[in-house]
Amino acid sequence: MDTKFISRTIAGGLLVIILCLFYFQIIKGEGYLSKAKNNYIKAVNYPSIRGSVFDRNKTLLAVDKPNFNLAVIPYQIKGQKDSLFKELSYCSGMSEKRISVYYRRNFKNIFSPVDVLINIDKEKALEIKDKFKEKVVLRVIPKRFYTFDYEFSHLLGYVKEDKVVHKDIKKYGYSPYQIAGVNGIERTYNDFLKGEGGAELIEVNSRGRIVGFLGKRERVKGKDVFLSVDSRIQKIAYESLGEFTGTIIIMNPHTGEIISLVSKPSFNLNDFIEAKNIEKIFDDRKKPLINRAVQARYPLGSVFKVIVAIAALEERIITPFTTFTCEGKLAFGDTVFKCWSIHGQQDLYNALAHSCNVYFYQLGLRLKVEKIAKWAKIFSLDKLSGIDLPYEKKGLVPERKWKKKHREMNWFGGDTLNFSIGQGYLAVTPIRSALFMSAFVNGGYLVSPYVVKTVEGQDISYPKKVKIPVSSNNLKIVNQGLRGVILKKDGTAHLLESLNLKIAGKTGTAQTAGKSHSWFVGFFPYNNPKYTMCVFLENGGSGSKAVKVTYEMLKRLKEDNLL
Amino acid sequence: MGKTRIRIIICLLILSILSLSALFSALHQSGRMENEAIFYRQIAWITIGWLFLFAFSFVNYRLYFDLAFFLYIFNIALLIGVKLFGREIMGAKRWIPVFGINFQPSEFSKLVIIILLARFFSQDKETRGIFLRKMLVPLGLVLITFSIIFKQPDLGTALICLLLFFLLGLSSRLKKWYFIMPLALVVVASPLAWHVLKDYQKKRLLVFLNPATEPLGAGYTIIQSKIAIGSGKSLGKGFLSGTQNQFNFLPERHTDFIFTVIAEEWGFMGSLFLLLVYYLILKNILAIAKEAKDEFGALLCVGTVSLYFLHIFINIGMTMGILPVVGLPLIFLSYGGTHIFINFLLLGVVFNVSKQ
């Protein structure tokens, strides 16, 4: 009997099988092994609890609160989804449609719980869990809560779910998401605040039933952060801004501690993290998300005269007693540069008190653009302050080279005149103005501002001071001039004298294409300054508006005994 | 006893042990024996199988030559009987209860077809009317069996009956073109067969072509089986340690997917060993065929080898996803009564051929 045919068929067939086995088990074996693990190893996630944020008096500002969610496991509700959602809707009062939307949005895989009822009342959650037993899973998820809806929005920033990579266990269903800070303190100090999510690795069988326990990673709570900010002062500062767009900064001139930092318009932080009215916030032409204290720059206006004054003294162009005569205007070339009044003969003290433009035009003509820019840069107006808030903007100090490069025009004498009264191209963030003012009162040091003082009891502020090459005598002269702004009956901020706080400072009206910006940058008490402050109103009108706001704020702070 | 037969018996002993150990593992779930009864029943089936082997080795195989037509008619009657009175399990009528056992006449058909074809293909050397008598008549008879089984529905067994016809025919002394021609015809006509298939059979074929279309439905078995086999890698995960098996990701693992359990727990090496044992059995049966006293005996051996081979190839092929899932057991290994009896019985017949 000839068995060749069948022998060959068998040999061929077995060879095919062996080759296939070789392919699946040897060549692709590793890949299938990980798929097999993927099958039976699942992770149950425990999201991390973020650290809390407190103010300097340990008032709670931000905290993770437990949020009660009810979830379903897709595998277990196969075929009865619709009827289950109907019942859940009936018990919870949430619409069936909403439940379905959550189901679709939160679906990860058929073994992982999917949140369908989110942030419900604790009692209700327990009641529903009791009724539906194994069909639903009660999940307690930490959720960010902010004590103040509006006052701290820019300072604290906010959080959102962010993708993080946990390559090792991600494939077993470990949540690739973690809550991360997006702006403000929440962002800068995210590494301290975030903590670590935990997970349990379990073995499940094909029905999703837990049959074994492989290991657990404990979650680690994030660290608590303590601010230098006083929430009581912050609240009053916020309210004092009223309907104005703008910012108020109050800080310690010696250490750089920020005591209050508010920006308006603001937004409701608790609504924002839940994405409520989010389109309205994004579409708002006033851009409420911007922290105007550090993320926007403006012309300084007459506040810049403080820098020009110290420059002129240091460059020995004037003495405090050098006088110029103001006739209400100064003709330069073909153009007439105006003052806002006719001041007559002015020395430095009077010129600062009256904010006389002509006096500073004369200084500008003598200093020239180079020297003005040099002193603006000595006070770091063109640099970042290094404050522990994200997305800070640099200031701009114009120069001949800069204008040539960016405006493709030569620097004209008129530019110098504008520059000397803080108009033209000069642009500075409000925090920067508070910092240079601090240098005048702390003996000529540039300090680094900071908002966070301690993390979990550990002082993380490293007060950094840079000495400016400026004589303390000249600083005293300017400070005396600034005191005159309030003290003198015809000073531009004389209103503040009635508070009896020995305030010194400088007003500013920065002209813009539209309504002027209004500034008041100052310090008090004059003899032994404890605070510097910057009140800035975007398109707020003349400097007197900022003085008014400052007055109202300090009055309340004084009444409440907070100074 | 001849050396060949002793070799076969040794291989068969190994397979019996393998069958019970694989079943022992397949019945475990998360370290606990889930269904002991099945294990003890398999011990009983295998024991009875061995008895069948020895009993039938004493029955003169020439007897089947004379009984061929009677057996054929009897089998057709049984198949029709199943159609009328059979027990329906999972949408298919394949079983009739005999003494409390679910007997599967379609398994019996394989044996009958082998005997029938061996008779047709081995008769005298007349030249006139050969094509009609040796080719068309047996083909017609096989097609009758095929259609009835196909309607049960049991696509796997039906196909095996048809394939036996071609394998035996091509091994016989008849002209090859008798068989190559209709084989080509079947291949060409197979797209038409699509319309005859039941919905679940169509689905099986579609899923075979792309298991990912239904990862939790019909494709689930194939995907999980491939993962199990592949994850065994070269040396396997060890006895009772196959996660796919132990955590219940493999359906039908004690019957049609028993190979998957072996491949996962014993790896490539274990699978190779199993294939080697199978190969030795087939090779030794073919050695018997060569030495057979007459052509009928030789064809009975070749038929047995063909049947074994088809089962091995199709079953392992479907566990790896290279062939559609048609529901064929793995010989001597899968749990089940009838097919184990038939497999042992056929070997008994082969032994008798060897003795004569």
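Biologist: What span should helix H2 (residues 29-40) of chain A have at 1.5 Å a residue, and how far apart are its end C-alpha atoms?

Modeller: The 12 residues of H2(A) should span 16 Å, and the end C-alpha atoms are 17 Å apart, so the two values agree. The expected span is 1.5 Å times one less than the number of residues. Helices here are DSSP runs of H or I with at least four residues, strands are runs of E with at least two, and both are numbered from the N terminus. The model is predicted: local features need pLDDT of at least 70 and side-chain atom pairs pLDDT 80 or more, while totals for chains, interfaces and linings use all residues. Residues are numbered from 1 along each chain as its sequence is written, and chains are lettered from A and ligands numbered from 1 in the order in which they are written.

Biologist: Which residues of H2(A) are called buried, and why are they said to line one face?

Modeller: A residue is buried if 20 or more other C-beta atoms, placed from the backbone, lie within 10 Å of its own, exposed if 12 or fewer, and partly exposed in between. Gly29(A), Tyr32(A), Ala36(A), Asn39(A) and Tyr40(A) are buried. Seen down the axis of H2(A), these residues fall within an arc of 75°, so they line one face. The arc is that of the directions from the helix axis to the C-beta atoms.

Biologist: How many residues of chain A are in contact with chain B, and which elements supply them?

Modeller: Contact means that the C-beta atoms of two residues, placed from the backbone, lie within 7 Å. By that rule 29 residues of chain A are in contact with 41 residues of chain B. On the side of chain A, helix H1 (4-27) and H2 are the elements that give two or more residues. H1(A) gives the most, with 15 residues. The residues on this side divide into 17 nonpolar, nine polar and three charged, where Ala, Val, Leu, Ile, Met, Phe, Trp, Tyr, Cys and Pro count as nonpolar, Asp, Glu, Lys and Arg as charged, and the others, Gly among them, as polar.

Biologist: What makes S12 and S21 of chain A edge strands?

Modeller: The open sheet has five strands in the order S12-S11-S23-S22-S21 of chain A, with antiparallel pairing. Strands pair if DSSP finds at least two bridges between them. Strand S12 (258-264) and strand S21 (504-510) of chain A each have a single partner strand, so one side of each is left without a neighbour in the sheet. Neighbouring strands are turned by 5° against each other on average, direction ignored. Six bridges join strand S11 (residues 246-251) of chain A to S12(A), and Gly246(A) has Lys264(A) in S12(A) as its bridge partner. Helix H10 (residues 231-240) of chain A packs on this sheet, touching S11 and S12 of chain A, and its direction makes about 30° with that of S12(A). Angles run from 0 to 180 degrees between N-to-C directions of lines fitted to C-alpha atoms, for helices over the stretch in contact.

Biologist: Where in the sheet S1-S8-S9 of chain A do S1 and S9 stand, and why?

Modeller: Three strands form this open sheet, and the pairing is antiparallel. Strand S1 (41-46) and strand S9 (210-217) of chain A stand at the edges because each has a single partner strand. Six bridges join S1(A) to strand S8 (residues 198-204) of chain A, and Lys42(A) stands opposite Ile202(A) in S8(A).

Biologist: Why are the buried residues of H2(B) placed on the same side?

Modeller: Gln42(B), Trp45(B), Ile46(B), Gly49(B) and Leu53(B) are the buried residues of H2(B). They cover an arc of only 100° around the axis, which puts them on the same side. Their cover includes helix H1 (3-26) and helix H13 (338-355) of chain B. On the other side of H2(B), Glu36(B), Ala37(B), Tyr40(B), Ala44(B) and Thr47(B) are exposed.

Biologist: Why is Asp154(B) called buried?

Modeller: Asp154(B) has 22 other C-beta atoms within 10 Å, so it is buried. Asp154(B) is found in the loop between helix H5 (130-151) and helix H6 (155-171) of chain B.
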